[in-house]
Amino acid sequence: IPPIPEVDFSQFGEIDMEKMTKIKKVTAANMSRSWLNAPHVTQFDDADITEMEAFRKSMKGEAEKRGVKLTPMPFLIKAAASALVAEPSFNVSLHADGEHIVRKKYVHIGMAVDTPAGLVVPVIRDADKKGIWQLAEECAEMAAKARDGKLMPRDMQGGCFTISSLGALGGTGFTPIVNAPEVAIMGVSKAAIKPVWNGSEFEPRQMLPLTVSYDHRAINGADCGRFFTLLVAAIGDIRRLLL
Ligand code: CAO
């Protein structure tokens, strides 16, 4: 690949030089590696989170008693884990030998966390086997460790699928880069009330814009269609997470 030429920016105006943190350098290398190796496709959908949000808000008092902040994230992790179990074509990695697909029997979900030192992705283990309270506690614990620079290498290893949420910040959608050797990642944008046709009239519903990017070497569009439909259905009706 032709390198981007070195430019002396000081000829155009005042500049500052800042040393990149180790995390920023590792992220830059990982992003380039994923972007260049994995042919990406991104699919878009909106999940109706009206009921999920009503439930989440109704649990606020209980969450406070438990000392946990209940955000949408643990619900999204649980829904992604259940979709990975139901659609195992997503829970794979390509073997480096180019001859095999590695099918995983475990469901570990990575959560992108923005920190002053850069982007890190701690992993919540066995998310399919954990309840919402436990996932909420682990999310908060991992995010705090990430921001305090206390994550150990093992905390960031072994992910099957990553969730990158910019929902608290804004935006209507983005196309995340797969966190290889994982083969898929979900991008979460800011929920908004939208008019949704219910068959006879428009109803105000709280809609969450989601994207799933996947490595088209490992996953086909039809696999993603099935996986994403399951995921959106589970978020739309969290009772499905009991099934
Ligand atoms: N739509 C609307 N509001 C949302 C939302 C969404 N999709 N997701 C979260 N929110 C709300 C939360 O409910 C919370 O509101 P209240 O304080 O009123 O309850 C508020 O936004 C803040 O949430 P949070 O950020 O504290 O918690 P979280 O569980 O949603 O996210 C974490 C945790 C660690 C993912 C997040 O803090 C973070 O670091 N996000 C950035 C990730 C990132 O950089 N991704 C890009 C990677 S690629 O460059």
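Me: How many aromatic pairs does the rule give, and what makes two rings a pair?

Reply: The count comes to four aromatic pairs. Rings of Phe, Tyr and Trp (for Trp, the six-membered ring) form a pair if their centres lie within 6.5 Å. The model is predicted, so local features need pLDDT of at least 70 and side-chain atom pairs count only at pLDDT 80 or more, while totals for chains, interfaces and linings use all residues. Residues are numbered from 1 along each chain as its sequence is written, and side-chain values use heavy atoms, with hydrogens and water left out.

Me: Why is the aromatic pair of Phe-90 and Phe-227 called stacked?

Reply: Planes under 30 degrees apart count as stacked, over 60 as edge-to-face and the rest as tilted. For Phe-90 and Phe-227 the angle between the planes is 5°, and the centres are 3.9 Å apart; the pair is therefore stacked.

Me: Which parts does this pair tie together?

Reply: Phe-90 belongs to the loop between α4 (73–86) and β2 (92–94), and Phe-227 to helix α6 (residues 221–236), so the pair links parts 137 residues apart in sequence. Helices (H or I, at least four residues) and strands (E, at least two) are DSSP runs, numbered from the N terminus. Phe-90 and Phe-227 also form one aromatic cluster with Phe-161.

Me: How do you know whether Phe-90 is buried or exposed?

Reply: Buried means under 20% relative accessible area, exposed over 50%, and partly exposed in between (1.4 Å probe, protein chains only). Phe-90 has 0%, so Phe-90 is buried. Phe-227 is also at 0% and counts as buried.

Me: Why does Arg-239 fall into its accessibility class?

Reply: The relative accessibility of Arg-239 is 61%, which is over 50%, so this residue counts as exposed. Arg-239 lies in the segment after α6.

Me: What makes the link between the side chains of Arg-239 and Asp-237 a polar contact?

Reply: A polar contact is a pair of N or O atoms within 3.5 Å; within protein, one must be able to donate a hydrogen and the other to accept it, and residues adjacent in sequence count only if both atoms are side-chain atoms. The contact between Arg-239 and Asp-237 is 2.8 Å, so the distance meets that limit.

Me: What distances separate the ligand from the side chains of Arg-147 and Ser-164?

Reply: An oxygen atom of the ligand is 2.6 Å from an N or O atom in the side chain of Arg-147. A nitrogen atom of the ligand is 3.0 Å from an N or O atom in the side chain of Ser-164.
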